[in-house]
Structures are given as structure tokens and as C-alpha cells.
Amino acid sequence: MPDLPTAIEVSHLVKSYGGVMAVNDISFTVARGEIVGFLGPNGAGKSTTMRILTGYLPATSGSVMIAGLPVATQPDEVKRRIGYMPENNPLPEDMRVSEYMYFRGRLKEVPRRKLSPRIDEVLEICDLKRVRHKIIGQLSKGYRQRVGIAEAILAEPPVIIMDEPTIGLDPHQILIVRDLIGSLRGRMTVIISSHILPEIEMTCDRVLIINQGRIVAQGTPAHLRREIFGHSSYRLELAGDLTSLPAVLAAVDESLRSTAVGDPDADGFRQVTLTTSRDGELGEPLLSALLGRGFRVRALSREHPTLEDVFLAATRRSWDVVSAPGSPRGRETPPPPPT
Amino acid sequence: MKHLPTLLSHELRMLLVSPATYVAATLFLGFMGLIFTKILEIYSGAPQETSPAIVYFQLFWLPVCVMVPLLTMKCLAEERRLGTIETLLTTPVTTSEVVLAKFAAAYLLYTTLWASTLGFFYFLKRFSGDDRFLDPGPLLGGFLFIAVSGLLFVAIGVLASSVTRNQSVAGILGCVALATLILGGNALSDSTWLEQGLFRPLKSIVDYGHIFAHRDDFARGVIDVRHLLFYASGTALALIFSILSVEAKLLHA
């Protein structure tokens, strides 16, 4: 296989079913060895996109290149380079784990002499050795998910695509799967979709947020926070004369202002939310300025929007764009106020 | 077609662990045993002109209409219901390989079950001590008919399984399609109205597809190339439609 820097290249991909646009002109690239998270509400087009990437579904228009090969014209070659775990992880109920692995290994053209050691290896990696002789239909959800992951990595393909691999797992199993996916970093290109957003944030190098068949945001989680919210927030608990607060804030940073002020509690402390367009850390100068002007400060913390906030804001923004009367689809609207 | 042996051995294994296979095998062997017992009763009561083998194959349609759907109803419908067709078709195998492997596995089992009934004739010869009961001509002709016609019947069962994800519906569809082909063809062929005027060309088509007539020809030792062509082209057509059906479902998934 040629040593290509881009493992996946999607360009103007469109998929429609009977007039309904499931995927609407999306383009993105994934570098070799990168782990990318695919986020989106139900029906956003994640699974359809993943199925097109695997060559299982044909695209209506646009192009997909996997490891430099076009999926549309060389699906068999592409399938040799992909490990895929579909949504809901369908598995044959009547087979034993080791039999299933052997069968899949043969279909994926793993040489016979290499197959047994490789099966042992993936069963060890996925902690499946003790259930290798069990019937798949009798396994718990966690084991079944791991069988699906083991099968996806069995032939050591350069690209792994997993549709919600952690769904239905308990926290311990999620940790195992997260470590497992993390261990593939640099060796294999991985695309995973998930609704567990902290999971994506911890595992993935980059995130693609898709809604209504379009990519509404993409980048690293930190980049997305900046792009979607465009500001930092601080939360304070302070007591003192609030009329002098705007002057104190302006002295610290011109864009720093209070956006919400709570009622005083029994000790006279109020909760105050501050926002600034500056990305750098303002905690220390802010604290010094407040104390210097006679404010009593009980707490100061910088608010970090979670990926969940980013996801909700990005998808809400895309809905706003679509529903705005006279608004051309896809035009950016100002970011929503912080929540 | 390099994955066909892997898929075929997998399909055979899946058939051998499926309860439907054993239900089909038990029903089939029980029914054929019953028919054979009745034949023995008739032959022990009075001398007959025809060989027992000819009488034995006359009721072939009844087990075919029940056994073939039981063997094939699960093959593609279940893959689609469970979603395992998606994992299968995202490996370097083609839809044709998948359909052919399922067809070949069901056909092998079908012919194996029929072949096992050769034991009835062996027991008859063994205990009667009369070689005339093991008349090789009609027996070989009958089994050859079963083997050749089985290609088409099993392909129709596979086609029925490819159009739905519900295996019960696939079973009923297969049963109705086989009964229509075998019994409907027979009923039409016996109709006198087809011999009149405009319908005369239709009559020749119906006669060409008259499966009972094929059976009688095979049993008499007449191996007509037209019959072989009928079953070969019918099988190819049913399998092509099965492949197209699976792929069409993907396009509209």
C-alpha cells in the first residue's frame, strides 16, 4: 500500500433516498493514523456516511477515496483496507466466538498460517479469551461489542470504521474500549461515531459534527469551543459594591463584561458570570483587581464548555440556519449566547 | 469466486446447526418412508406392472413444496433481519458469491436428503431377496430428475428468501411459488381450453414447463436436452433475480 498522508478523502458526498437528502454535500479528509469522532443527532446521516465509506452503499454523487483508492470503482480493493463495525453490531447468533473470528479472517483474506496467532492476539487485546468457545448468542452486550471490535481489527486494516462502538457498555467496558481505540492511534486510521461525547473528547484527535446531512463543525475539541462559542467564561462568587464592577472588569480586559448576576445569599455573596473574547487566562489579574477594589471573593473559576455544549450549539446553529426565513442554507449565523 | 469455498462451508455449518433443517429432514424422511410403506403394501397385495421406483417419485412435489422452503427460507431473509448481510458485504466478497454459497449449501442438503432415501430400496432388496425391486433404470432416472429439478426448486426458495426480511413470509412465498410452478403447470397442461385457437402457442409453453411430464421422461430414461435447458435457465434466472433483489434492497436501504 502506498504511504499516503491522507487515509480518507470525502469530496462533495451526496446521498438521497427517494428525494430525502440523507447526506448533503459533505467534504472532509482524515490523515493516516488519526482518530476522528463523528457526532450528530439521530438521523443526521452519520451511519449513511459510514456505509458509503465502506462501499456498502453507493453514493448519489461525490467521491470517496480510501487509502488513495476510489470506493465507487474499486469497492473490493477498498473493502480489503477497511475494518467495519456497523451500528447495533449485528453478529450471527449460532456461532462460537473463535469460529466467527476464523470465518471472518478467511473472508478478509488473512493467510491461513497467520490467522490462528492473529485470532489469539485480537482475543487477548479485546479480553475475549475466556469466552472464545462460547456461542455468540449467549454473550452479554459488552462481550458482543468487543467481538465486533475484535472482528474489525482482525485483518489489521489501515482504516477502521466503527458506528457507536461503546453503546450499551458499562463504564469499565467503555474504559477498555477507549484504551483499545487509543492503542490504534498512529497505526490505523479510525472513525468512530458515538453519542457519549466525553468519550469522543477523550479518544479522538478531531471531531466532525454532522447535522441534517451536513458537516456543521469540525476540528479539535479546543478549536470547536473557540469556533462555536468565540469567548471564555468565568464564574465568580463575590460580595461588594457592584456599581464599580464594570470599571474593574474594563481595567483587566476591554472585552470582559458581566453577563449574569445572581441574587445575594445570606452572607451577601452573589454568583456573577463574566465573558471575554480573549482566549488567554485572566484569572489571576481579575482576582488581584477585584481584591484591590475591596471586593470579597469566595470563588473564581473558568468555565470550560464541554463537547456536549459545543455539539448542542453547533447542531442548534445549523437548525437555525435552515429554519430562518429567507436564509440561504449553509450561511453562517452569529454564535448563540453562552448557556 | 475465491471466497465461495469459505462461504459454502460456513453455510453448510449454519444449516447443520439450524433446527429448521432437522424439522425439514424429519418431515421429509417420515413422509417418504410413509409413501414407501404404502407402495410396499400395494405391491404385496397384487402384482403391478410398473416399477416401485416410478410410483415412489410420483409424489415428489409434496415434500418439495414443504422441504425446500424450510431449507431456504432463512438463508437471505435472516441475514437481512439481523443485519449480518452488512458485515458480510463489507468484506471483499460479492453479492453473487453470497447468494451462490447459500444456494449451493441448500442444494447439497436437499440432494443429500433425497439420496438418503436410497436406503429404502436397499432394505427392500435386502429383505425381499428379489433384485427386480431394485430396478436401476427408473431409480436412476428418478434421482436424476430430483437432482436436476432440485436446482430450480432450491433457486426459487432462495429467491423467495431474498425478497423479504421475514423468514416466515419467505417460507410461505417459496411454498406458493413452488406449488404454482409444479401443480399450476400440471393443471394448465391438462386444460382442454388451452388447445383452442389463440391459446395454442401458450399450450406449447405450458407443456415445455410441465414438470410432471419431465419426471415421467426421466423415469423412462429419456434425458431430453430441452428439459435440462429448462431447469438450467430457470435456475440461472432465479439466482440472477436473487442477486439483483439483494442489491436492490441495498440501494433502497
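**Domain arrangement, chain contacts and local geometry**

The C-alpha centres of domain 1 and domain 2 of chain A are separated by 45 Å in this predicted model. Domain 1 of chain A spans residues 6-226, and domain 2 of chain A spans residues 231-303.

Contact between the two chains involves 22 residues of chain A and 19 residues of chain B. On the chain A side, the elements contributing two or more residues are helix H2 (75-79), strand E6 (82-85) and helix H3 (97-107). Of these, H3(A) gives the most, with 3 residues. Classified by residue type, the side of chain A that touches chain B comprises 12 nonpolar, 3 polar and 7 charged residues.

Helix H3(A) also packs against helix H4 of chain A (residues 112-125), at an angle of about 135° and with the two axes 10 Å apart. By class, the contact of H3(A) with H4(A) has 4 nonpolar, 2 polar and 1 charged residues.

Strand E7 of chain A (residues 159-163) contains Ile161(A). With 26 other C-beta atoms within 10 Å, Ile161(A) is buried, since the cut-off for burial is 20 or more. Beyond its neighbours within four places in sequence, Ile161(A) is in contact with Met50(A), Leu53(A), Thr54(A), Ile82(A), Tyr84(A) and Ile191(A). Ile161(A) and Arg187(A), which are 26 residues apart in sequence, lie 14 Å apart in space, C-alpha to C-alpha.

Backbone geometry was also examined. Most residues other than glycine have a negative phi. Asp25(A), however, has a positive phi near 60°. Asp25(A) is placed in strand E2 of chain A (residues 20-31) and counts as partly exposed, with 15 C-beta neighbours inside 10 Å. A positive phi, of about 55°, is likewise found at Glu164(A), which is not a glycine. Glu164(A) is located in the loop between E7 and helix H6 (171-183) of chain A. Glu164(A) is buried, having 21 other C-beta atoms within 10 Å.

Methods:
Residues numbered from 1 in each chain as written. Chains lettered and ligands numbered in written order. Predicted model: local features only at pLDDT ≥ 70, side-chain atom pairs only at ≥ 80, totals over all residues. Domains from an automatic or database assignment. Helix = DSSP H or I, 4+ residues; strand = E, 2+ residues; numbered from the N terminus. Buried ≥ 20, exposed ≤ 12 C-beta atoms within 10 Å, placed from the backbone. Contact = placed C-beta atoms within 7 Å. Nonpolar A, V, L, I, M, F, W, Y, C, P; charged D, E, K, R; others polar. Axes fitted to C-alpha atoms, helices over the stretch in contact; angles between N-to-C directions.
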